[in-house]
Each structure stands twice: as C-alpha cells, then as structure tokens.
Amino acid sequence: MQSSRLQQLDWTAAVEAEIAARSSLLPSRVLEVSLRGYEDETAELIRGHHVSGAAVYPAEVVVAAKSSRGFRPVATPSFADRVLLRALVDALEPPLGEPDRSSDAWARFNQIPLEIEGTSHVARADVAAFYQYIDHDLLRRELVGRTGDAELADQITSTLEGILGRRVGLPQSNETSHVLADAYLDVVERKLLRRGHAVWRYNDDFHFAAPDLRTARRGLEDLEIALRSVGLSPNDEKSMILTRENFATWVDAPAQRREEISDELEVELETWILLPSTEYSDPEATEVVTEVDVADGPDDETQIMGAVRALELWWEYITTNDPLDPLELYINRGLARDGIRLLRRRRSEAGLRLCSHLVTFEPQLTHTVCRYLRSLAANGSDQPQVFVHELVSSGSHLSYWQQLWLLEPLWKSTTLSPELLRWLDALTLSSEAPDALRARAAFVLGVHHSIGFPALGTLFDSVLPASRPDVVAAAAALSDDPDDPRLTAITRESPLLAHVSAFVLNRYGNS
C-alpha cells in the first residue's frame with residue numbers, strides 16, 4: 001500500500017478506540033491504560049512505524065474455553081497492529097458500520113420471530129467456528145463490492161494474514177474483527193432473504209420464522225448451502241426447529257426462573273440482575289489492570305441471597321441430572337453467571353464455596369469467576385489466594401487460558417504463599433506456556449518483588465511484542481528509579497514501553 005495512503009489514515013482515532021476497547025476473553029492490558037493522555041504521541045509513533053514498512057507481527061493464540069467441551073482460539077495481536085487494522089477498516093467509505101452486540105439487541109433478536117403473524121415454527125442455528133474460517137479472499141471480494149476500495153481491502157487482508165499467519169480467520173474478541181465478520185456474514189443473510197425467508201441474524205446466530213415445519217426445514221437447508229458458499233458450515237449441535245410455543249418457552253425461561261427464585265426468597269431478582277446474561281455482551285471487560293475495582297453501592301443481603309441461590313440451583317441441577325437437558329443447563333448456567341457478577345460487584349465472599357465447581361464444570365466461566373476473585377482480593381480478602389492455591393494443587397486440569405485468568409486475583413493480593421510463588425516462577429520458565437501467560441506470571445511476581453531483573457530481561461527478549469508490556473510492568477514494579485539502567489535497557493526498545501514503566505512505577509515502585 002502506498003505510504004501516502006497510510007499517512008492519510010486517522011491514526012489518532014484508531015489509537016483512542018483501541019485504548020478504550022477491551023477483550024472479554026483475555027485479562028485487562030497494562031499498555032492501554034498507560035497510554036491514556038498520550039494518544040496523539042502514540043498515534044505518531046505507530047503511524048511512523050507502519051509507514052516505514054515495518055512488518056506486522058504474528059499474534060500468539062491462546063485457546064479459550066467456549067463451553068464445557070469446546071474451545072476457541074483467541075489471537076493476541078500487538079497494540080500497533082490492532083491500531084493499523086482498525087485504522088484501515090475505519091477508512092473504508094462507505095463505512096461498514098459497527099454491529100450492535102448489546103443485550104437489548106440480543107433480546108430483540110429473540111423476540112422478533114414471535115411477533116411475526118402466522119409463525120408456527122422457529123428454526124435456530126449458528127455457525128461452527130465462525131471466526132476461524134473466514135476466507136480472506138472472499139472477505140476482500142465483499143469489501144471491494146461494498147466500498148470499491150481495492151487498495152484498502154488488499155491492505156486489510158494482508159494485515160490479517162500477517163497477524164494470523166494464514167489467509168483465513170479473524171482475531172477473536174476484537175472489535176474490528178466484529179465489523180469484518182458482520183460484513184462477511186451479510187453475504188449469507190442477503191442470500192437467505194432473496195430466497196424469501198423471514199430470517200434475522202445476531203452475530204453468527206440465525207432465527208427463521210416459518211409458517212410450517214416444511215418451510216423451517218427449508219430455511220436450515222438453504223442456510224447450509226449459503227454458508228458453504230463462503231467456506232463456512234452450521235453448528236449441527238445447535239441447529240434445531242421449535243414450535244412457536246416451545247421457542248417462546250425457551251426465550252422466557254430465564255425470566256421465569258428468576259421469578260421462581262424471587263418467590264422463594266421473597267426478593268425481586270430483577271433488581272439484582274444488573275448485567276446482561278448473554279455471552280456476547282460483557283461489561284466486566286471494561287476493567288483494566290491498574291484500576292481499582294469499585295463496589296456498586298452498599299451490600300444488600302437480599303441480593304446476595306438471590307445470587308447464592310442461583311449458584312446453588314445450578315449446582316443442584318449439575319449433580320442430580322444425567323443426562324443434562326440443554327435448555328435447563330442454559331438457564332441455570334446463565335443464572336449462575338449473573339449471580340457471580342453480582343457477588344463481584346457487592347464484594348461478597350458468599351459464593352466462593354461453589355466457584356471451584358464452576359471452574360471445573362463450566363470452564364468457559366473461568367474469566368467471570370476470576371474477576372469476582374480479583375474484586376475480593378482488591379478488598380483485602382486472602383480467600384482468593386487460598387482458592388487459587390487449592391485449585392492449582394488439586395491436580396485438576398487447568399488450561400493455559402484458565403491459568404492466565406487465575407493470575408488476576410494474585411496481583412491484587414497483599415501476599416502470596418511460597419507454593420504459589422513457585423508455581424508462578426515455573427510458569428515464567430515454561431517452554432510450552434503461551435507468552436501471554438509467562439509474561440503475566442512475571443508481572444505478578446514483579447508486584448510481589450519475587451523475580452529478578454536478569455530473568456525479566458531474558459523473558460523480554462523471548463516473548464512476542466503483545467506480551468512485552470507485562471514484562472516491562474514487572475520490571476517497573478521492582479524498581480524505585482525510572483533511570484535504573486536495568487529498567488531503561490528494556491524501555492528504550494520503544495517509547496510506548498516507557499509509558500508503561502512510568503505508569504507502573506507510580507503505583508507499584510518502592511518510592
């Protein structure tokens with residue numbers, strides 16, 4: 001791409017957006033919060049970096065739990081490369097538009113088929129491993145068709161190839177990826193609409209309103225054909241056809257269950273379901289690594305009772321039913337997730353006794369549990385440290401993604417046990433653990449002054465750029481001097497890293 005075109009991109013807006021953006025599947029990042037107030041300077045540095053022809057760095061992939069059995073790869077591009085991708089996509093004219101992933105949009109998506117006159121059946125489906133298999137050549141064709149800008153489309157797909165190392169896929173849990181993914185699936189939605197289907201889409205979920213069973217089946221068949229035309233396929237386990245009445249029951253079931261708990265405890269649960277229970281919207285992801293968690297108002301014992309009861313109902317269902325009904329599991333899991341979120345905001349330890357079961361049986365909720373544990377640790381509780389120690393020592397399998405999240409309460413803890421310090425040290429030295437885990441373990445050790453500068457220097461040289469800010473944060477947490485040559489030997493690699501050092505020195509340094 002011509003450097004003059006790169007010069008014209010709105011780098012400052014892209015930097016501001018990426019600083020504000022959060023990943024719901026990965027812990028908060030120290031770099032972004034360190035750059036607040038330095039957006040213009042950062043934009044100039046990143047613009048110069050890319051205009052000079054610097055290569056895009058390959059992203060590391062951390063495999064996150066998607067369900068009790070499934071997984072999803074989450075790529076971790078460097079900040080500079082995320083800014084480049086966002087600036088390129090934002091420059092497309094006409095703009096692609098950002099998809100609405102709010103809880104209100106999800107609720108509306110579920111209600112629309114019920115509002116269509118004559119609906120007797122509703123077909124539900126979603127796409128298998130959607131982000132992993134988006135074809136860059138087909139994406140480029142759609143971008144050019146929508147905007148006519150072949151130059152930008154080429155640069156977008158070549159940037160994606162540099163980040164992912166192949167010409168297929170989008171980075172998961174990334175706002176710019178959501179925009180591109182939505183444009184990609186719009187091709188499928190248009191084909192279905194042209195076939196005469198009453199169809200609606202939320203991300204990669206589809207709903208068909210049909211006047212009879214035959215039309216509903218044809219909708220799922222046409223969806224299969226349309227998806228395969230763009231290199232995708234439906235998730236067979238989630239494809240189903242429900243009668244209108246059964247679909248309405250499925251949509252209303254969570255609210256009905258909350259009402260049942262409300263009657264049991266004589267408390268209105270709608271007052272404590274403060275956060276949406278959909279898997280797409282995650283307000284918790286707005287927290288950042290160096291900010292302090294703030295409880296949302298005074299403790300309310302009735303809210304805490306309701307949250308704990310939701311957790312108990314989930315556990316009772318898990319332990320007393322075999323096989324598990326997908327609808328009932330969905331309902332109970334959603335209530336348990338909402339319960340943990342409320343306990344986090346209230347900083348109540350009442351739900352701790354069930355958290356190990358959640359991490360074991362619902363590994364996809366590990367990040368929700370660990371945000372809860374972090375809030376308790378920030379409030380001075382030593383129970384999160386005990387929880388992590390017991391879980392790590394239990395012999396249970398913990399994926400690298402789960403271990404990464406289990407570090408969240410530890411950097412908020414006042415002290416760490418010798419056993420946990422040894423576990424963290426082993427993670428930093430691991431030749432198999434992802435860089436994101438090794439660097440975050442080093443950060444925790446740095447906060448607790450339990451790692452040396454030589455180890456940090458070696459780690460800095462071995463990890464990918466996306467993980468280096470955590471290593472810098474660890475070094476800064478050890479130091480009391482911004483001019484310490486052991487620290488500046490790292491920060492001189494980039495002015496952006498110097499901001500990380502200054503920010504963390506102000507909070508964790510010995511001064």
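**Salt bridges, a pocket and a patch**

Modeller: In this predicted model, Asp186 and Arg190 form a side-chain salt bridge, with N and O 2.7 Å apart.

Biologist: How far apart are Asp186 and Arg190 in helix α9?

Modeller: They are four residues apart in α9 (residues 175-194), so about one helical turn separates them. Asp186 is partly exposed at 21% relative accessibility, and Arg190 is partly exposed at 29%.

Biologist: And Arg201, which residue does it form a salt bridge with?

Modeller: Glu189, with the closest N and O atoms 3.0 Å apart. Arg201 is in strand β4 (residues 198-202) and Glu189 in helix α9, so the pair ties together parts 12 residues apart in sequence.

Biologist: Is Arg201 buried or exposed?

Modeller: Buried, with a relative accessible area of 16%. Glu189 is also buried, at 16%.

Biologist: How many salt bridges does the count come to?

Modeller: The count is 31. Glu18, Arg29, Glu32, Arg82, Arg86 and Glu175 are linked in a network of them.

Biologist: Switching to pockets. Which residues lie nearest the centre of the second largest pocket?

Modeller: Ser78, Phe79, Pro465, Ala466 and Pro469, out of 32 lining residues. The space in that pocket is about 750 Å³. Helices supplying at least two lining residues each include α5 (79-90) and α21 (468-478).

Biologist: What about the surface, which residues make the nonpolar patch of about 270 Å²?

Modeller: Val61, Val63 and Phe71. Val63 sits in strand β1 (residues 60-65) and is partly exposed, at 44% relative accessibility.

Biologist: Last one, what does the side chain of Gln303 contact?

Modeller: The side chain of Arg346, through a polar contact of 2.7 Å. Gln303 is in helix α12 (residues 301-320) and is buried, at 7% relative accessible area.

Definitions and conventions:
Residues numbered from 1 in each chain as written. Predicted model: local features only at pLDDT ≥ 70, side-chain atom pairs only at ≥ 80, totals over all residues. Heavy atoms only, no water. Buried < 20%, exposed > 50% of the residue type's maximum accessible area, 1.4 Å probe, protein only. Polar contact = N/O pair within 3.5 Å; in protein donor to acceptor, adjacent residues only side chain to side chain. Patch = residues over 30% accessible without salt bridge, like charges linked within 9 Å, V, L, I, M, F, W, Y side chains within 5 Å. Areas by Shrake-Rupley, 256 points an atom, 1.4 Å probe, with all protein chains shown as cover. Salt bridge = Lys/Arg side-chain N within 4 Å of Asp/Glu carboxyl O. 1 Å grid on protein atoms, 1.4 Å probe; cavity = no way out; pocket = protein on both sides within 12 Å on 5 of 7 lines; lining within 4 Å. Points joined across faces, edges and corners; volume = space filled by probe spheres on them.
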